[in-house]
Each structure stands twice: as structure tokens, then as C-alpha cells.
Amino acid sequence: MRKKMACSLPDEVLEHVFSFIRSDKDRNAVSVVCKSWYEMERWCRRRLFIGNCYAVSPRMVIRRFPEVRSIELKGKPHFADYNWVPDGWGGYVLPWIVEMVGAYPWLEEIRLKRMVVTDECLEHIAKSFKNFKVLVLFSCEGFSTDGLAAIAASCKNLRELDLRESDVDDLGGHWLSHFPETYTSLVSLNISCLGSDEVSLSALERLVGRCTNLRTLRLNRAVPLDKIAYILRRAPQLVDFGTGTYSADLQTDVFSNLAGAFYSCKELRSLSGFWDVVPAYLPAIYPVCSRLTSLNLSYATIQSPDLIKLLRHCPSLQRLLVLDYIEDSGLEALSSSCKDLQELRVFPSDPFGVERNVSLTELGLVSVCLACPKLQSVLYFCRQMSNAALVTIAQNRPNLTRFRLCIIEPRTADYLTLEPLDVGFGAIVEHCKDLRRLSLSGLLTDRVFEYIGRYAKKLEMLSVAFAGESDLGLHHVLSGCESLRKLEIRDSPFGDKALLANSAKLETMRSLWMSSCSVSFGTCKLLGQKMSRLNVEVIDECGPPDSRPDVCPVNKLYIYRSVAGPRFDMPPFVWTMDEDYALRDS
Amino acid sequence: MSSENGKRLPETDAAGLNFEATELTLGLPGKSRVTSDGGAKLGSKRGFSETVDLSLGDKKDTNKLGQTQSQIDAREAAPGSKAQVVGWPPVRGYAKRGKKSCKYVKVAVDGAPYLRKVDLEMYNTYQQLLASLEDMFSCFTIRNFLNEKKMDQVNGIEYVPTYEDKDGDWMLVGDVPWQMFVESCKRIRLMKNTETVELAPRTPPKWSRRS
């Protein structure tokens, strides 16, 4: 019996229907239905997300998707955030920019994370994309204020310039002044990562004054407190504002001016910045607090009593980032004031100190988890934890989707029972069925991984440090976690057997990072030779790994799937294991 | 699968340790003990007393968990301050929360094809900094000139930590009190021992003053 064609709708109709399909997953699903859908879909895909810039080559992308308007790329592995990936590792965006300049003259948006961006890249962008609108450089490096000046001078339609957490070389030159006086289309500006002297205040004030559509403005530390009022009054339509240094000698006129300026911002929903905050000036933000949904106080060294007073004014808060100065008492107050809380991040004020400096324990986290029914996302640094607390959290907050716990001292046991924390984390994965991201810490045996493999079926990203006892731990994760995409492990005794037994699994994941584990060089070679769609990269700063016996463990290993084959922009301390390895290296 | 209750307690209990027993904490005779403020409290130019023996690079010292002896020693060092396990706890480097600034400097090693960056604000003492460099560049023997008798000839090559200061001069690391070093250091270079005779420090090199 002849099968009916899946679809014989006219192209225009298909295209129209596809235009409503936005998510990458859905687009990918659509593209494999049949050949004609694949063809139609690839011509009308406008947004691309490439989670690993080395998984595919620019040419392959351009060949398949000729009409892209927006691209997002990620480069270095996540652990690069903590300085574990040496400089020069890679993640260069220039090859992409060069190809896209020719292929996508109408490109509007570029979003990059953990990539190396040079001034040359920025100059290409400025010159070549006439309708360029959005540039987001998240945790990037390699460029200077000269590159920013080129963007400012040439991108007439720029809406968004977001440099969050990037490392920018200050070469002076007042780059902000390069926005022409006729330029008014800015909607979002985040320069919070810039150092002290990289912004001309008068240019900033004029820019803010003429860009009446400005919704997001995150200033850098150099902008003093007494300038904020002036800026806010020129932009009362702001929705998201980041202060600069929030510190000055207390003067009533400065205070009332500031409070008045905040009062005029009726749309303000998100605040951040607050470097060097002086508690006396905090009440200036009270006029906006009742509407605030997001508050980032992670640079604010204010103590618990001031935090409690502030939080009482914020009943609509959904997202809070704060230092552990908040202490258990402050978290208790948070849990009674902010019933809409969805995300909580508590950072350590003294991460490298041996002694505890604040009264923050597992109890603070438990109180928030018990009392905030919408809490989904947790990042928590503390110095003690118990299985009982974790079980309580798990049972009361089964809706958690992200749970990242960092007990500061590696391998810390349950402080009440001195047992490993296997049971506690086991409860988390068992009860929180939608958990997508998990970071482990504390004393953990292979048992916790057994639980994770058994229960964490939706888990996409797992971070492991100083945990486990044997290969069985890694095997449980690789064989059990069906949705796993990213796995990063350090200082854990996982090695060859688990990797070799689960090598096929690695092709279903974006990447695997292992450092200071027990994976031997021989296994790396074997994996590289066996699995043609994996790039197996050994990072070894002591010299070529084959100068040591095959049984020696490698220091750092990064495995990722790729259809582009091995990369060729590697520094001298990174080796790709593949069939040609032995030949190339001899 | 048994869990080893209580057997794997955290590696360190810094308070209980005897200084002299560990490789990493040696002082000049008569100088005071390391404090968590490092050299800052001691007024004179030669005010600090930490020395570090960074003889390393031997994989044979790795215990089964992949930690080198130096990492364990590093965490057993000076009380009141935590010597660094590289990159732990996982806090983002660029934005030292609660601190006024971060001071990133590049670290180069002669003969090595890569650079690293360290944030000097993350450390309180020379000892912590050098311990961390030791972890990062674990293949090289780094020698502190104050500690000649601990020279380790395993690799045959020694590296001396030097830095470029605000005036563009290359100085030996350890020459000035810690805080002064943090403020004036622009970048660090681990130089091969043979080249250090060409340096022009503000104070004469230590070995020429030793009797």
C-alpha cells in the first residue's frame, strides 16, 4: 500500500506555520520529519543556538541555514569560570565572524558566552552588518574599549550592548562618546564589568538622555552615587537598573534627591550593583521595592539586620542574589516576606577563610525551602550540611529544577551524624523529578551516584568535585541519566572502565570534563580512535602526554561530540586523540 | 558497597598542625610566624618571613584521589588563612564579592607555551600565591631564593618567581611586604635560574646578604 506523503501543503503555508515554531528543540524535530520539511525549515530558520562552537564548523552551519538573523555561540567549558582552563585554550569567535560577514549580511544578533573576542571581530561586526541590533558578550575576553568604540560609532541600529562579566582591556579613549549624537535606539546597556575609568560620565548622561527607549541600564563601579539621581531622572522608564558604587557620606540633600529619583521610576522591577554599599542610603530605594521582582545584592557587604529591613519592603521578589552576610536570621525573614521567591543564590563573603565568619548554616536554606512554595532554583554556599536538612528540602520542594550546593570544605560529612551526604542528595533527585541541574559537594560515596542514575531522569547538567570511590560511580551516572548533556568532574577517582563501557553515551551529550581524576592516557587514545564523532582532548601542561607511560592519568580531559572533526586552533598544551594522533605526533 | 563512615574526613585541620613539619612553611631564623595578614603587618621591606619550597612536578606524589602532596600540604599551611586548592571553592574569579577590587596579573613561565592569570587579591601571603602557582605549573621546580638548602634537583631546572613592577623593573618575588607587592605587581614571570643574575632589584638579592 502506498504511503501518503506526510504533507502536501504549499510552501508558503508551511513557512507560515513554521514561523510560529521558535524553540530549537521543536525546530530540530520539525526538520527530521521528511525531506521537504527539512528543506523548508532550513530556509526559514532565523535563530541558531550552538552550545559548543567546536561541535560544528561555520561553513557547515552556513550551508545548511542560509538566512540566519540571530546566532548564539558558547566556547570554553563551564569550569573556565573558575580559572581551571589555561589561557589560550581556544573558543575564538573570529573564524565565525569572518564567515558570517560574507554569508549573513543581514545578521542582527550575536550572543557569545565564554569566547575569545578580539577588537578585529568587533570591527568586522561594526562594518559589515548594516542592521546589527544585539551584541551580548557574556564572560568573554580578548577585546578592548577600542573595539567597543567601533561598535558605538558604526552600529546605527544597535538596541542592546551587554558586556556582562566580560574582561575588557581599558585603553582609554572614551568609547562611549563614539555613539553619534543622532543615535537614539539603545534599549539595553550593561557595562557593569568595566573597570574604574572606562566610562565618560557626561557621554553616558547624554546617551541616556536621548535614548528614550532605554529599559535596561547597568552601570559600572566608577559611577558615583550622586550621579545616579541625575541619570534616573533622565530615564524614568527604566525597568532594570544597576547602580555603580553605592557609597557616599550621608547628606540629606543627596539622599532625598536619590529617593525622589527612584520614586519617579514607576516601571523599575530589577536592581543590581550596590558596590561598597552604605546602609544609610538603602532606604532611598524603598519607593520601588514593593514592585521589585529581582534584586542582586551579591556585591553588597551589608549585614543581616539591614538586609532584613530591606527585604520586608519587597513582597514581590522572585529572584535574590545575596552574600552570606544575610545569615540564617535574614533567610528566615526572607522566607516570611517574599512568598513569590523563585530563585535564591547565596554567595560566600570569605570563601578562602578557614574559620566561619558568618552565622549561616543549612538552617537558613531549609527555612526558605519550607516557606517559599515557588522556589525552583538554588545556589548555596555554606560550611555545614546534614542529610536531614537535604531530605527536608527534597520533600518540601519537589518543584526544584536547579540545585547547586557548595559546602566550602571538600569532603565535609554530615555534621550531625558524620556520615556521607549520599542519602540527602539521593532524596533531592528522588523527589525533585524535574531537576535539570545539580551540583554536589560534601562527603559522597558511590552510593549517591547510584541514586542519581536511578532517579535523575531529567538531569541535564551535573557538577561533581571530590566525590565518589570508584568507576562504579561514574558508570551509574552515564548509564542512568537519560537526559544528561553536560558532565563536569574534578578530583574524583573515576577512570577508564566507566568511560570505555559508556563511550556511546558520550555521543549523546554535549561535553564531558574531567580533571584530576584517574583516566589514563591509554584510554584517551582508545576513545579517540574508536569514536569518530567525539573530540577527545587532553590538556597537559607538563608536555606531550605520550612522554609518559599509557597508564599514567591525564591531568585534564575534555570530550565533546562534534561533526566538524578535530579542531586546529589548539595551543601547544592541548592534544586531540584520534586515529591520526600517533602519526601526527611522531 | 560500604560507605566509609567518618573515615574520609576533610584532609586538613589547620589548627592542629606543627608548622615545621610541613615543607611549605619555613621562616628565617628569628622572624615571626605567618599571620593571615601575611607580610602586611610587618613594617620593614624585608618584613615577611614566609618561604616556600616549591619542589614539585613529581606525579609519584599523587595519592589515589589525584591530589598531589603539595595540594595537601598547601591546605595544611598557615592557620587562619586557607591556602588554595586551585579553583576551589568555585567562585567566579573576576568579581570578588565583598572585596573592593581584583588584581589580575598574567603569569608566564620560561619555556612553557601558555600563560595563566592569577588574582592577587585572592591571597594573603606569598606562601599562598606560590603554592597556587605550584599547583598551576606543577611540572616545574620553582625555587624560592630564600631557601637554598631545599633546592630540589629532580628536574634539574629551577625557576625563580619574578615580577615586573609599576616602574617596569623586574624584581624577585618576595622582595617587599605582601601588600606592597600586590599594589605594584604588573605581571609575574617564572624565570629560569640562569637568567636571574641580570635582575636589578631595589634591594640586593637575598643570597648576597646572607652570611
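## Surface and charge

Accessible areas here come from the Shrake-Rupley method with a 1.4 Å probe, and the structure to which they apply is a predicted model. On that basis chain A exposes about 22700 Å², of which carbon and sulfur atoms supply 52%, while chain B exposes about 9300 Å², with 50% supplied by carbon and sulfur atoms.

The charged side chains of chain A comprise 70 positive and 71 negative ones, and the centres of these two sets lie 8 Å apart.

## Overall form of chain A

Chain A contains 22 helices and 23 strands. Its radius of gyration is 26 Å, close to the 25 Å that the globule rule gives for 586 residues, so chain A is as compact as a globular protein of that length. The C-alpha trace of chain A spans about 70 × 65 × 60 Å along its principal axes.

Of the 586 residues in chain A, 59% are buried. When the contacts in chain A between residues at least 6 apart in sequence are considered, 71% of them join residues at least 24 apart.

## Nonpolar cores

In soluble globular proteins, nonpolar side chains tend to be buried together. In this model the largest nonpolar core holds 223 residues, and the members that touch the most other members are A:I110, A:Y246, A:F262, A:L320, A:F403, A:I452 and B:F181, a list that draws on both chain A and chain B.

Leaving aside residues up to four places away in sequence, A:I452 touches A:V429, A:L438, A:L440, A:L459, A:L462, A:V477 and A:C481.

## Chain B and its residue B:L115

Chain B has four helices and five strands, and from the N terminus on its elements follow the order α-β-β-α-β-β-α-β-α. Buried residues account for 55% of the 211 residues of chain B, and among its contacts with a separation of 6 or more, 63% involve residues 24 or more positions apart.

Within this chain, B:L115 belongs to strand β2, which covers residues 115-119. B:L115 has a relative accessibility of 31% and therefore counts as partly exposed, given that buried means under 20% and exposed over 50%. Not counting residues up to four places away in sequence, B:L115 touches A:P86 and A:D87 in chain A as well as B:K106, B:V107 and B:A108 in chain B. B:L115 and B:R189 are separated by 74 residues in sequence, yet their C-alpha atoms are 9.6 Å apart in space.

Notes:
Residues numbered from 1 in each chain as written. Chains lettered and ligands numbered in written order. Predicted model: local features only at pLDDT ≥ 70, side-chain atom pairs only at ≥ 80, totals over all residues. Heavy atoms only, no water. Helix = DSSP H or I, 4+ residues; strand = E, 2+ residues; numbered from the N terminus. Rg over C-alpha atoms; globule rule 2.2 N^0.38 Å. Buried < 20%, exposed > 50% of the residue type's maximum accessible area, 1.4 Å probe, protein only. Contact = heavy atoms within 4.5 Å. Lys, Arg positive; Asp, Glu negative; His and termini not counted. Charge placed at Lys NZ, Arg CZ, Asp CG, Glu CD. Core = buried A, V, L, I, M, F, W, Y, C linked by side-chain atoms within 4.5 Å.
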